[in-house]
Amino acid sequence: MESQTLRLVDELLSGNQDSAWNIVEKAVEKGASSLDIYEGLLTPAMRYIGTLWEKNIVTVADEHVATTTCDYLLTRYGFYKKVTSKRNKKHGKVMLFCLEEEQHFIGLKMVSLLFEEHGFDTRFLGADLPKEAAEVMATDWQPDIVALSVTISFHLDQLPQYVNLLESLDPKPIMLIGGRLIASNHVANSVVDKAKQMPSLNELNEWLLRYKKGVDIHVDA
Ligand code: B12
């Protein structure tokens with residue numbers, strides 16, 4: 001593990017927002033892209049904290065402090081990108097949420113920020129969104145794309161219900177599914193196959209570049 005990641009792990013666990021931000025800022029100054037920050041710095045740091053928790057080296061409370069600090073970094077980074085780059089929200093609307101009872105939203109927040117950077121209008125609904133609430137928002141706001149995130153295996157059972165619900169909307173949004181489970185293995189299921197499974201932000205980024213050119217507008221493209 002890189003030394004800057006280990007330093008970040010310490011700052012996240014101590015809840016030192018400004019020192020943690022300094023590490024991100026230094027990486028940006030050295031030329032790190034958003035993908036580098038998300039996939040190369042913050043994600044490995046959070047995953048490493050998971051390993052420390054598994055080994056009983058850190059507590060659940062420590063994990064919560066690390067999460068709120070990481071959340072802060074993402075908000076601050078998103079703000080930094082907003083003020084330092086010109087964007088117009090011309091590429092469409094994206095609604096993002098985690099399935100009911102799913103608390104792990106940090107990865108999806110990165111997804112939301114990446115969409116914003118690509119010029120999309122986003123609604124990030126965060127963790128634990130019941131199907132009925134998703135339906136109300138999607139019917140009312142009519143997103144072009146809906147991005148879902150799933151981390152915990154026993155939340156996967158409800159995924160087909162969300163996919164079917166979104167599939168029945170008119171107009172039907174493009175559905176993207178990601179998260180730890182998708183990153184580690186493709187979920188085989190004919191219903192879920194109506195959506196595009198995306199194992200990483202790099203893959204999402206590639207897809208977005210094609211989507212914006214008007215090529216990859218179909219899920220199976
Ligand atoms: C922080 C954390 C928590 C926090 C969650 C905070 C939050 N609000 O997000 C808290 C403390 C609440 C928590 C609770 C639990 N957790 Co937890 N948690 C973690 C930890 C340490 C880090 C998660 C994280 O932020 N990772 C970093 C993010 C950026 O990675 P990511 O989510 O994979 O996202 C990346 C990609 O997947 C992608 N992505 C994500 N979503 C999407 C969506 C789209 C569309 C796309 C394109 C891409 C994409 O983008 C990211 C880019 O890198 C992990 C360890 C780990 N290995 O991840 C355990 C971990 C995920 N948790 C675990 C467990 C077991 C739990 C609990 C069940 C523990 C318990 N007994 O209470 C509960 C369940 C809560 C619930 N109901 O959801 C296990 C899961 C194991 C399993 N087989 O299911 C892990 C792996 C820990 C472990 N080593 O055992 N957890």
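Around the ligand stand 38 residues, of which Gly50, Gly107, Ser149, Gly178 and Met198 come nearest. The model is predicted. Seven elements each supply at least two residues of this shell: α3 (34-54), α4 (60-84), α5 (106-117), β3 (145-149), β4 (174-178), α8 (180-184) and α9 (201-212). Helix α3 gives the largest share, nine residues. By residue class, the shell around the ligand divides into 19 nonpolar, 12 polar and seven charged residues. Both domain 1 (3-84) and domain 2 (93-212) give residues to the shell, so the ligand shell lies between them.

The domain assignment of the protein gives these two domains, with bounds 3-84 and 93-212. Their centres, taken over C-alpha atoms, are separated by 23 Å. In the contact between them, 11 residues of domain 1 meet 11 residues of domain 2. On the side of domain 1 that touches domain 2, the elements giving two or more residues are α3 and α4. Helix α4 provides the largest share of that side, six residues. The residues on this side of domain 1 divide into five nonpolar, three polar and three charged.

From alanine 61 to threonine 122 the distance is 61 residues in sequence and 31 Å in space, C-alpha to C-alpha.

The overall fold was examined next. The protein has nine helices and five strands. From the N terminus on, the elements run α-α-α-α-β-α-β-α-β-α-β-α-β-α. For 221 residues, a compact globule would have a radius of gyration near 17 Å; the protein has 17 Å, which agrees. Along the principal axes, the C-alpha atoms fill a box of roughly 45 × 40 × 25 Å. Buried residues make up 32% of the 221 residues. Among contacts with a separation of 6 or more, 72% join residues 24 or more positions apart.

The five strands form an open sheet in the order β2-β1-β3-β4-β5, with parallel pairing. Strands β2 (121-124) and β5 (196-197) stand at the edges. Each has a single partner strand, so one side of each is left without a neighbour in the sheet. Strand β1 (residues 93-98) pairs with β3 in the parallel sense over five bridges. One of the residue pairs here is methionine 95 with valine 146, its bridge partner in β3. Strand β1 also pairs with β2 in the parallel sense, over four bridges. In that pairing, leucine 96 has phenylalanine 124 of β2 as its bridge partner. Five of the six residues of β1 are buried, so β1 is largely enclosed by the rest of the structure.

Several loops carry backbone features of note. The peptide bond from aspartate 170 to proline 171 is cis, with omega near 0°. Proline 171 is found in the loop between α7 (159-167) and β4. Glutamate 101 has a phi near 75°, a positive value in a residue other than glycine. This glutamate sits in the loop between β1 and α5. With 13 other C-beta atoms within 10 Å, glutamate 101 is partly exposed. Glutamine 142 likewise is not a glycine, yet has a positive phi of about 50°. Glutamine 142 lies in the loop between α6 (131-141) and β3. Glutamine 142 is partly exposed, with 13 other C-beta atoms within 10 Å.

Definitions and conventions
Residues are numbered from 1 along each chain as its sequence is written. This is a predicted model: local features need pLDDT of at least 70, side-chain atom pairs count only at pLDDT 80 or more; totals for chains, interfaces and linings use all residues. A residue is near a molecule or strand if its C-beta atom, placed from the backbone, lies within 6 Å of it. Ala, Val, Leu, Ile, Met, Phe, Trp, Tyr, Cys and Pro count as nonpolar, Asp, Glu, Lys and Arg as charged, and the others, Gly among them, as polar. Domain bounds come from an automatic or database domain assignment. Two strands pair if DSSP finds at least two bridges between them. Two residues are in contact if their C-beta atoms, placed from the backbone, lie within 7 Å. The radius of gyration is taken over C-alpha atoms; the globule rule is 2.2 Å times the number of residues to the power 0.38. A residue is buried if 20 or more other C-beta atoms lie within 10 Å of its own, exposed if 12 or fewer, and partly exposed in between; C-beta atoms are placed from the backbone.
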